[in-house]
Amino acid sequence: MVSNLAQHYLSEGLVNGQHMNVMNSAEIKHFLECTECFRSNSYAVIAVQKGSVVFQNNFASVTLKPKDVYLVTPGTLFEFDNMSDDAQFISMGFKKEYLKEQGVYLNGAEIIHLLSSDLLNKFSLNEEEFADMVASLNSLKRKMKLSSDTPHLKDIIRHGFLAVLYEILIFYSKYRVFTSVKLNRQEELTTNFLNLLSEQFKLEKRVQYYADALFVTSRYLSTVVKKVTGKTAGEIIDEMVINEAKVLLSSHLMNVAQVADELRFSDQSFFGKFFKKYTGISPSIYKANNTVVLNAPF
C-alpha cells in the first residue's frame, strides 16, 4: 500500500504550495518503502552526512559517501539500488516555478554545463563547507515548519532558500569550474538544440528537423553537439525517446500500443523494433519486469 507521504508527493510533487521542500533521510526512506524507482519532477540537491547511498541516475550507477553532494535536474529517472543501514542525508527539492517566483533564473552557461556528458553532478566538500551546507539546509527546514501565521513567513523562507541556493552555486563553481562565463556559438547552438528537443522529441525524431529549425546543416549540428556533450544529435534524440519509453512502459498507465502512439511511432511494430535495438528486449518484456512512479519527493 502506498503511504500517505508517498500519496502526497505522487499527487502534489512538492509541499506547502511553494514548489520547494527539504527532506531528511528518514522521510525519503519512508517514501522508498512504497517504491524504489521514480522520476524526478524538480531540481534537488542531496547532501550525504553518514553511510552510503547507491542509485541509478538515468540508468548510470552513482555512489555517494559522506560529504558528497549531488545535483538533480528535472526529468531524471532514479532507482535506489542500495542504502547502508546508517545512511543519513538531507535533500532540498525545488521546481522551476519556485525559482521564477523568487526571481531566480539559470543562465545558459549553467544549463549547458549541467547537461554536458563530461560533467558529473557530484562533488565532495571539505569538513567546514559541508557543515555549513547542512546547517543551512536544516535551518531552512526548521523555518518551513513555522506556524503559517508567523509574520513575514514567505520572506523568511525565501531568504533561507536563497541562502542555500547561492551556497550551492559557490561550491559548484569552486569544484566544477566553468570553462567560460559567456556561451560561445557552439555551446549556444547546443543549448538551443536541447531546449527544442525537450519540447518536440515526441513529434520529431529527425536530426534534419532540428537542423532546419536552427538554420544549420544536420552534419554541422551533430558535430557541434558531440563536441559539447560527447554525443551526436541523433544519439541524444534516441536516448531521450528510449528513456521516455521506459518511463511510460514502467508506469503501467499505458499498454505498448498506447506508448507507441504517445511517442508518435507509425505503428507498434516499428516502436518494438526501435526499443529492442537499444535495450535488447521487447517493450512488453520490459513493461512486465519494471515499475516506476512518475512523480517523487524531488
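Ala260 sits in helix H11. At 2% relative accessibility, Ala260 is buried. This is a predicted model.

**Around Ala260**

- Setting aside residues up to four places away in sequence, Ala260 touches Phe265, Asp267, Gln268 and Phe271.
- Ala245 is 15 residues from Ala260 along the chain, and their C-alpha atoms are 8.2 Å apart.

**Two nonpolar cores**

- The largest nonpolar core holds 31 residues. Phe193, Tyr210, Leu221, Leu263 and Phe271 touch the most other members.
- Six helices each supply at least two residues of this core: H7, H8, H9 (218–229), H10, H11 and H12 (268–279).
- Helix H10 gives the most to this core, with eight residues.
- Leu263 has contacts beyond its neighbours within four places in sequence. They are Phe201, Lys202, Lys205, Val241, Glu244, Ala245, Leu248 and Phe271.
- A second core is separate and has 29 residues. Among them are Met20, Leu71, Leu125 and Met144.

**Aromatic pairs**

- The model has twelve aromatic pairs.
- How are the rings of Phe193 and Tyr210 arranged? Their centres lie 5.6 Å apart and their planes stand at 90°, so the pair is edge-to-face.
- Phe193 belongs to helix H7 and Tyr210 to helix H8, so this pair ties together parts that are 17 residues apart in sequence.
- Phe193 and Tyr210 are both buried.
- Phe275 and Tyr286 also form an edge-to-face pair, at 5.5 Å centre to centre with 70° between the planes.
- Phe275 is in helix H12 and Tyr286 is in helix H13 (residues 283–289). Eleven residues separate them, and the pair links distant parts of the chain.

**Salt bridges**

- How many salt bridges are there? The count is five.
- Glu244 and Lys202 form a salt bridge through their side chains, at 3.9 Å from N to O. The cut-off for a salt bridge is within 4 Å, so this pair counts.
- Glu244 lies in helix H10 (residues 233–251), while Lys202 lies in the loop between helix H7 (185–200) and helix H8 (207–213), so the pair ties together parts 42 residues apart in sequence.
- Glu244 is buried, with a relative accessible area of 9%. Lys202 is partly exposed, at 23% relative accessibility.
- Lys202 also meets Glu262 in a salt bridge, at 2.8 Å from N to O. Glu262 is in helix H11 (residues 256–262) and Lys202 is in the loop between H7 and H8, so this pair ties together parts 60 residues apart in sequence.
- Glu262 is partly exposed, with a relative accessible area of 24%.
- Lys202, Glu244 and Glu262 are linked in a network of salt bridges.
- Another salt bridge joins the side chains of Arg206 and Glu204, at 3.1 Å from N to O. Arg206 is partly exposed at 47% relative accessibility. Glu204 has 18%; the limit for buried is under 20%, so Glu204 counts as buried.

**The sheet and its helices**

- Strands of a sheet pair through backbone hydrogen bonds, either parallel or antiparallel.
- Five strands form an open sheet in the order S1-S8-S3-S6-S9, and the pairing is antiparallel.
- Which strands stand at the edges? They are S1 (20–24) and S9 (122–124). Each has a single partner strand, so one side of each is left without a neighbour in the sheet.
- From one strand to the next, the twist averages 15°.
- Strand S3 (residues 43–50) and strand S6 (residues 68–72) run antiparallel and are joined by four bridges. Ala47 stands opposite Val69 in S6.
- Helix H5 (residues 127–144) lies across S1, S3, S6 and S8 (88–94). Helix H5 runs at about 115° to S1.
- Helix H6 (residues 153–175) lies across S1, S3, S6, S8 and S9. Helix H6 runs at about 110° to S8.

Methods
Residues numbered from 1 in each chain as written. Predicted model: local features only at pLDDT ≥ 70, side-chain atom pairs only at ≥ 80, totals over all residues. Heavy atoms only, no water. Buried < 20%, exposed > 50% of the residue type's maximum accessible area, 1.4 Å probe, protein only. Pairing = 2+ DSSP bridges. Axes fitted to C-alpha atoms, helices over the stretch in contact; angles between N-to-C directions. Contact = heavy atoms within 4.5 Å. Core = buried A, V, L, I, M, F, W, Y, C linked by side-chain atoms within 4.5 Å. Phe/Tyr/Trp six-rings, centres within 6.5 Å; stacked < 30°, edge-to-face > 60°.
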